[in-house]
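This briefing reviews a protein model by topic, with attention to its pocket, its surface and selected residues.

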Amino acid sequence: MHQYVLWTALGAEGMGINLEHYNNPLIDARFQTAYQVPVTWSLKCQMVFGNPTRQPGEKPFKPVEERVKYFGA
């Protein structure tokens, strides 16, 4: 919920936002070293935001039939 609220509030102010999810111990180690956080912490995601310098480009998507597979009944 916090991510949604921040995304909405920053977007309403005209900022561009990107949410990146992580699941990589190598990134955790660099994060812990750079920011001196406890080793018990792990990085789940990072929300970067700022003033957009241009509109985002078109993002191509494959047809849903190629991206989603159904198995069973």
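A residue counts as exposed when its relative accessible area is over 50%, as buried when that area is under 20%, and as partly exposed in between. Glutamine 36 reaches 64% relative accessibility and is therefore classed as exposed. The model is predicted, and the points below are grouped by topic.

**Glutamine 36 and its backbone**
- Glutamine 36 is located in the loop that runs between α2 (25-35) and β2.
- Most residues other than glycine have a negative phi.
- In glutamine 36, by contrast, phi is near 50 degrees, a positive value in a residue other than glycine.

**Largest pocket**
- Rolling a probe the size of a water molecule over the atoms shows where empty space is left.
- The volume of the largest pocket is about 250 Å³.
- Its lining consists of Gly16, Ile17, Asn18, Phe49, Gly50, Asn51, Pro52, Arg54, Gln55 and Pro56.
- Two elements, β1 (16-21) and β2 (45-50), each give two or more residues to this lining.
- Of the elements, β1 gives the most to the lining, with three residues.
- Sorted by class, the lining of the largest pocket holds four nonpolar, five polar and one charged residues.

- Met1, Tyr4 and Val5 make up a nonpolar patch on the surface, and their accessible area together is about 420 Å².
- Valine 5, one of the patch residues, belongs to helix α1 (residues 2-12).
- Glutamine 3 is likewise found in helix α1.
- With a relative accessible area of 37%, glutamine 3 lies between the 20% and 50% limits and so counts as partly exposed.

**Distances from glutamine 3**
- Glutamine 3 and cysteine 45 are separated by 42 residues in sequence, while their C-alpha atoms are 10.0 Å apart in space.
- Glutamine 3 and glutamate 66 are separated by 63 residues in sequence, with a C-alpha to C-alpha distance of 30 Å.

**Glutamate 66**
- Glutamate 66 is placed in helix α3 (residues 64-67).
- Why does glutamate 66 count as partly exposed? Its relative accessibility is 49%, and exposed requires over 50%, so glutamate 66 falls in the partly exposed class.

Key:
Residues are numbered from 1 along each chain as its sequence is written. This is a predicted model: local features need pLDDT of at least 70, side-chain atom pairs count only at pLDDT 80 or more; totals for chains, interfaces and linings use all residues. Side-chain values use heavy atoms; hydrogens and water are left out. On a 1 Å grid over the protein atoms alone, a cavity is a set of points where a 1.4 Å probe fits but cannot get out, and a pocket is an open set with protein on both sides within 12 Å along at least five of seven lines; lining residues have an atom within 4 Å of a point. Grid points are joined across faces, edges and corners, and a volume is the space filled by probe spheres set on the points. Helices (H or I, at least four residues) and strands (E, at least two) are DSSP runs, numbered from the N terminus. Ala, Val, Leu, Ile, Met, Phe, Trp, Tyr, Cys and Pro count as nonpolar, Asp, Glu, Lys and Arg as charged, and the others, Gly among them, as polar. Patches are made of residues with over 30% relative accessible area and no salt bridge: like charges are joined within 9 Å, nonpolar side chains (Val, Leu, Ile, Met, Phe, Trp, Tyr) within 5 Å. Accessible areas come from the Shrake-Rupley method with a 1.4 Å probe; for residues, only the protein chains shown count as cover. A salt bridge is a side-chain nitrogen of Lys or Arg within 4 Å of a carboxyl oxygen of Asp or Glu. Buried means under 20% relative accessible area, exposed over 50%, partly exposed in between (1.4 Å probe, protein chains only).
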